Amino acid sequence: MWLIFAFGSAFFAGITAILAKCGIRETDSTITTAVRTIVVLLFSWLMVFVVQSQNQLHAINANTLLFLVLSGLATGASWLCYFKALQLGDINKVVPIDKSSTVLTIVLAFLFFSEPINLLKGTGILLIAVGTFLMLERKKSGRQTDNRGAWLWYALGSAIFASLTAILGKIGITGIESNLGTAIRTVVVLIMAWGMVFVTGKQKNLRRIPKHDFTFICLSGIATGASWLCFYRALQDGPASIVVPIDKLSILVTIAFSYFVFHEKLTCKSALGLLFITVGTLIMLF
């Protein structure tokens with residue numbers, strides 16, 4: 001069953017990027033992160049009561065809570081970087097870099113969980129790395145903000161924090177129901193996101209969010225909530241070194257929707273890179 005949840009996580013994560021891109025056309029990325037986190041929080045706690053895991057709250061020990069909080073902080077940092085990168089750069093450049101967190105996650109899983117890296121898995125890592133590099137050349141953007149390359153640093157930050165999220169989350173959900181772990185982490189993300197809004201003084205812009213942007217921000221939050229629930233349910237039963245690569249196949253969903261929604265086309269070079277990433281991911285499943 002964890003394989004089904006892993007692929008479900010990939011699908012919902014893929015459409016999250018598209019919905020989010022539609023929601024940050026006129027809205028600041030930090031505000032977008034904070035608003036959509038409310039939706040994810042409601043969604044995640046709804047699932048807690050559906051599966052009736054709220055009774056396990058008293059059984060959470062200090063060590064589990066610590067890693068859930070750390071995982072939530074890493075998630076918040078990853079989100080803030082990711083949506084800022086989407087706002088500044090081209091989605092076809094940002095998403096491949098974000099998905100490259102697979103390589104770092106596998107290395108960390110080897111160090112912390114002793115999950116082996118054999119010849120097949122090593123080959124998969126190499127293909128993903130090469131494929132990501134090829135996709136970075138996918139589309140030249142004429143945006144002035146993109147020329148500065150600021151999006152690249154935010155995208156790299158998103159990838160690093162995303163890999164830490166998976167490792168810390170794997171430790172944090174040990175011994176507790178996955179939906180409850182997700183809900184607790186979301187509370188941390190909410191506090192962090194809204195803290196950033198008030199620290200930067202952007203709360204005054206909340207009333208200026210266009211209805212179009214607000215709708216897509218909420219939809220992206222729902223998609224994220226569904227992706228999270230699937231992802232951490234899969235992590236609880238399956239190995240992180242396999243669950244994470246499957247989740248990263250969301251890039252296929254993103255590219256497919258970006259073609260229909262934003263009319264973005266693949267070049268031969270980027271198509272080859274996408275093929276490498278896909279093959280590398282599938283190799284690691286064996």
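This is a predicted model: local features need pLDDT of at least 70, side-chain atom pairs count only at pLDDT 80 or more; totals for chains, interfaces and linings use all residues.
A cavity, in the sense used here, is a set of grid points where a 1.4 Å probe fits but cannot get out. Good morning.

Let me begin with the general idea. Rolling a probe the size of a water molecule over the atoms shows where empty space is left. In this structure, the count comes to three cavities of 30 Å³ or more.

Which residues lie nearest the centre of the largest cavity? They are W79, D98, W228, D247 and K248, and they belong to a lining of 26 residues. Sorted by class, that lining has eleven nonpolar, nine polar and six charged residues.

I now turn to the second largest cavity, with about 40 Å³ of space. Its lining consists of K99, S100, T102, I128, T132, P245, K248, I277 and T281. Three of these residues are nonpolar, four are polar and two are charged. Here the helices that each supply at least two lining residues are α6 (119-135) and α13 (268-284). Please note K248 in particular: this residue lines the second largest cavity, and K248 is also among the residues nearest the centre of the largest cavity.

The next topic is charge. Side chains of opposite charge can pair when their charged atoms come close. How many salt bridges does a search of the whole structure find? The search finds two.

One of them joins D28 to K202, with the closest N and O atoms 3.1 Å apart. D28 lies in the loop between α1 and α2 (29-50), whereas K202 lies in the loop between α9 (178-199) and α10, so this pair ties together parts that are 174 residues apart in sequence.

The other salt bridge is formed by the side chains of D237 and R233, at 2.1 Å from N to O. Both residues lie in helix α10, four residues apart, which is about one turn of the helix.

Thank you for your attention.

Key
Residues are numbered from 1 along each chain as its sequence is written. Side-chain values use heavy atoms; hydrogens and water are left out. On a 1 Å grid over the protein atoms alone, a cavity is a set of points where a 1.4 Å probe fits but cannot get out, and a pocket is an open set with protein on both sides within 12 Å along at least five of seven lines; lining residues have an atom within 4 Å of a point. Grid points are joined across faces, edges and corners, and a volume is the space filled by probe spheres set on the points. Ala, Val, Leu, Ile, Met, Phe, Trp, Tyr, Cys and Pro count as nonpolar, Asp, Glu, Lys and Arg as charged, and the others, Gly among them, as polar. A salt bridge is a side-chain nitrogen of Lys or Arg within 4 Å of a carboxyl oxygen of Asp or Glu.
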